Amino acid sequence: MIKRQYSGNERRARNYIWNAAGRYDFEPSFLAFSPDGSPDMYYNLVIGLAYKWLDMEVIQECIKGYSASRSAEEFDDLFWLGLENCVYEKEIGERPVLEKLRREKAEAWFKSAADMSRQQMEMQSMTVYEQQMIRWSKVLGRFCHAGGRSLALAGRLLFSGSLDAEGAVGEMTGILLDFFRTDISRLKEGGERKGILFALSLPGLPWKAPRQRLFLRTGDGRGDLDTNVRLGHTMNRRVRLPSGPDMDFVRAAFGEPSLPEREMTALEEDCCRDLHAACRLHVTDGVKKEQGREAFGELSGILKRAADQEKVNRRFVSDNALLIHESIRELSARLDLLFAEYFRRMPERGRSGSLIPEKAYRLKVFRDPSVFYREGTLTERNVEVTLLLDASMSRMNVQEIIASEAYIMAESLEKIHIPVRVLTFRTIRGITVLERLRNTKEKSSGRIFRFFSGGWNRDGLAFRALGSLLEAERGEKEQLLIVLTDACPNDDMPALMDPSGRALKEYEGVTAVSDTEKAVHDLRKAGIRTAAVFFGSVSHLENVQQIYGKEYVRIRKLNRIADAAQDLIRMTLQEMTLQI
Amino acid sequence: MAELTELLEKEGVDKELLAGAAEFRKAYLADPDFADRIPEVSALYYGKTVWEEAVAVLLSGRNLLLAGPKATGKNLLCENLAALFGRPVWNVSFHIGTDAAGLIGTDTFDGEKVSFRKGPVYMSAEKGGFCILDEINMARNESLAVLHAALDHRRIIDVPGYDLIRVDRAARFIATMNYGYAGTRDLNEALSSRFAIITMPQITEENMLRLLQRNFPDISERIAGQFVKLFGELARKAEKSEISDRAVDMRGMLDALDLIRQGLSSGQALELTIVSKTFDRYEQTLIRDCIGSRIPADLDRSLVFTG
């Protein structure tokens with residue numbers, strides 16, 4: 001639901017550009033920011049206008065052409081200075097405000113230049129600095145002292161408004177040749193900058209400063225961030241039952257069990273059989289603060305990773321606070337409408353509406369006019385949602401996104417008074433851990449930020465355990481379970497194919513998928529409507545169909561989880577209404 | 001009325017259709033008790049084709065569904081049509097809780113006996129009015145089933161326990177439907193098939209310019225042009241879901257110009273009438289950015305109104 005995976009400032013910059021270009025069907029290759037990180041209004045407009053008036057493919061081809069040069073960044077800045085004049089002249093008639101914005105830009109440049117430290121000055125490209133000074137002086141009508149060569153270059157950089165992209169590229173090529181002895185046609189294309197997009201060198205920012213502050217990649221150019229991590233099995237092992245120390249380890253890493261020992265034992269007896277006979281279960285509400293103890297080795301590593309990831313999750317949410325807030329507002333409105341659509345309003349008595357025959361006597365006898373049923377304001381929403389998140393290592397690269405999406409879901413449902421619980425599952429040292437990050441009675445969803453990934457995923461066992469837990473807690477409400485999954489169950493504890501434990505199979509592939517399919521079937525039989533949000537490799541698409549049937553939604557970007565969940569809720573509600 | 005007909009003639013609306021509407025007015029005189037329900041023309045909907053289509057549909061005895069995004073003039077056209085045909089108007093704003101009782105009527109106790117209180121659909125059917133079903137897609141489809149018989153060839157409303165009423169020959173139902181933002185839904189086929197549907201186009205730049213000039217005859221043409229462009233840019237931004245459609249507000253644009261005339265700067269005026277339409281701070285920033293790239297914040301009335 002976070003509409004796009006970039007920060008508020010980036011989205012603002014893009015909006016300036018799209019707005020000026022008059023179209024929204026492209027990802028801008030350039031974004032401009034001021035040194036304080038806020039979008040630079042004027043330059044973003046210039047970029048947008050370049051998209052409006054010029055063929056950007058031609059421009060980008062030229063930029064690619066000199067990208068192998070050591071002065072490529074300097075050339076970028078000069079090229080944009082040229083383009084600025086060109087698109088300004090083209091647009092000014094249609095957008096008179098540009099004149100004012102250009103002057104403001106010029107004033108801001110001088111102010112910024114005056115504040116520049118000596119160190120910053122030293123890092124600045126003097127050619128670019130001088131050319132900017134000449135340009136902005138001209139805009140403000142000020143006199144600017146500069147050498148003859150610089151003035152000549154400045155003159156050449158005043159690209160005319162009558163140029164098209166080819167014309168602008170021709171000018172730039174000429175400038176590079178005449179002033180920098182650089183012949184684009186002889187330069188080898190620089191591969192290392194491919195896919196990385198450039199913003200502009202702005203006043204006050206050291207020219208050679210780390211480009212992360214200036215350079216941005218496209219919304220899609222996040223490399224392999226969304227790629228799943230796959231764990232490999234070690235071969236030729238024998239089954240090793242989880243020991244006491246293993247359980248101690250899991251307790252220390254994930255928290256004490258939240259069920260009394262007797263119930264835990266019953267749960268294990270109920271679920272840890274057949275393929276899972278060698279496994280154990282652990283249900284927890286997470287590590288309590290006071291539980292902190294000295295940790296060494298692997299345990300200390302896990303605790304540190306969990307703590308670090310919690311910080312990352314929280315930072316991610318605070319960096320995107322406005323977007324997340326907006327997403328919650330939007331999703332809760334949509335869900336509210338959805339539930340209102342499928343659940344009847346409860347009738348209440350009033351002075352008008354449809355007459356209740358058996359109460360009609362009250363009119364005559366008591367002069368009580370409240371003998372009508374009218375549609376009330378309260379809607380009966382007899383449903384509970386459980387969100388189950390796969391917390392295995394495969395989710396390593398997308399932890400903060402999963403956490404924030406789960407948070408959006410939980411908060412949106414809470415807002416419209418639908419009880420929601422959030423759990424994660426993973427398997428570590430043969431013990432499948434179900435961690436409850438939010439209970440239905442909790443008002444805050446803050447614990448969701450404790451989400452971190454690590455371990456394997458033994459989906460079949462986790463689902464069985466969850467089924468038993470929900471069965472015990474459910475009460476009268478309809479249960480809706482949404483699983484975020486990559487449909488690739490995978491555990492290093494083998495599957496026991498016979499009770500003796502001699503016949504073993506790896507818990508992966510067909511074995512694991514069939515087991516999970518059966519677990520989902522059992523959940524549904526117990527009245528828990530189970531649906532999946534599938535985020536994973538296309539090679540597992542068959543798995544998801546086998547396990548969940550039609551009740552799944554495939555997403556290609558993780559920031560679509562909440563949207564997908566909404567679709568699933570709609571699907572399930574439709575089905576429920578048909579059955580009523 | 002003569003004034004409206006004249007204006008439409010100037011707009012180039014087909015004269016025969018306008019003559020048809022005039023005949024309709026003569027043939028079906030409105031009940032004088034409800035004369036105050038016939039709307040006045042406060043503003044004119046611009047768009048020759050839409051006018052012609054709508055008038056033709058209503059003259060043929062059919063009901064009309066105006067579908068389109070916000071600020072395409074749906075409600076304005078409804079009012080204008082009622083004025084042209086000289087019909088009293090009953091307006092129903094639909095929401096998710098709208099039920100049959102809210103449309104047709106409810107039982108109530110008047111101190112003496114249980115009686116039936118007529119709803120807006122009943123009233124317009126009985127009195128030959130235009131019933132405007134505003135944002136009809138906001139209601140649950142099943143609660144609209146009661147309208148089916150009134151909207152199709154049967155033209156009847158059966159009120160259980162009371163009468164079977166026939167829809168007056170002059171009565172028409174004009175529904176509006178917004179789409180494209182969170183919280184809107186499709187209309188089911190049973191209902192949509194009972195309307196002739198006009199997809200309302202976004203107002204053209206030319207028509208919006210004329211609208212501004214009609215409301216503010218002394219506005220500088222250059223500035224008016226920038227307001228028109230700004231409106232288009234906001235509409236495009238909403239269409240691409242970068243902002244909600246709250247800021248795409250024609251009334252807000254006119255109000256902003258009015259406030260500038262009163263003495264506010266352009267920045268202040270647009271802040272009050274456009275930016276503040278949304279309560280989301282981030283969205284406000286995007287709207288402000290959009291305005292800033294078109295209209296300087298310090299325009300005052302001497303610059304905007306030159307007449």
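With a relative accessibility of 19%, B:Glu52 falls in the buried class (buried means under 20% relative accessible area, exposed over 50% and partly exposed in between, with a 1.4 Å probe and protein chains only). B:Glu52 pairs with B:Lys48 in a salt bridge, the closest N and O atoms lying 3.3 Å apart; a salt bridge here is a side-chain nitrogen of Lys or Arg within 4 Å of a carboxyl oxygen of Asp or Glu. The two residues are about one helical turn apart, because they sit four residues apart in helix H3 (residues 48–59) of chain B. Helices (H or I, at least four residues) and strands (E, at least two) are DSSP runs, numbered from the N terminus. B:Lys48 itself is partly exposed, at 39%.

The model is a predicted one, so local features need pLDDT of at least 70 and side-chain atom pairs count only at pLDDT 80 or more, while totals for chains, interfaces and linings use all residues. Residues are numbered from 1 along each chain as its sequence is written, chains are lettered from A and ligands numbered from 1 in the order in which they are written, and side-chain values use heavy atoms, with hydrogens and water left out.

Turning to the interface, chain A puts 43 residues into the contact and chain B 39, where contact means heavy atoms within 4.5 Å. Together the two chains bury about 3600 Å², 52% of it on carbon and sulfur atoms; buried area is the accessible area (1.4 Å probe) that two parts lose on being put together, summed over both. The rule finds 13 residue pairs in polar contact across this interface, both residues at pLDDT 80 or more. A polar contact is a pair of N or O atoms within 3.5 Å; within protein, one must be able to donate a hydrogen and the other to accept it, and residues adjacent in sequence count only if both atoms are side-chain atoms.

Several elements of chain A each supply at least two residues to the side touching chain B, including helix H1 (8–21), helix H5 (97–114) and helix H13 (321–342). H13(A) gives the most, with nine residues. By class, this side of chain A has 16 nonpolar, nine polar and 18 charged residues (Ala, Val, Leu, Ile, Met, Phe, Trp, Tyr, Cys and Pro count as nonpolar, Asp, Glu, Lys and Arg as charged, and the others, Gly among them, as polar). Strands meet here too: two bridges join E5(A) to the antiparallel strand E3 (residues 105–109) of chain B, at least two DSSP bridges being what it takes for strands to pair. A:Ser352 has B:Thr108 as its bridge partner in E3(B).

Within chain A, A:Lys52 and A:Glu94 meet at 3.1 Å, N to O. That pair ties helix H2 to the loop between helix H4 (72–91) and H5, 42 residues apart. A:Lys52 is partly exposed at 30%, as is A:Glu94 at 31%.

Elsewhere in chain A, A:Arg464 lies in helix H16 (residues 459–473) and is buried at 17%. Its side chain makes a polar contact with that of A:Asp515 (3.1 Å).
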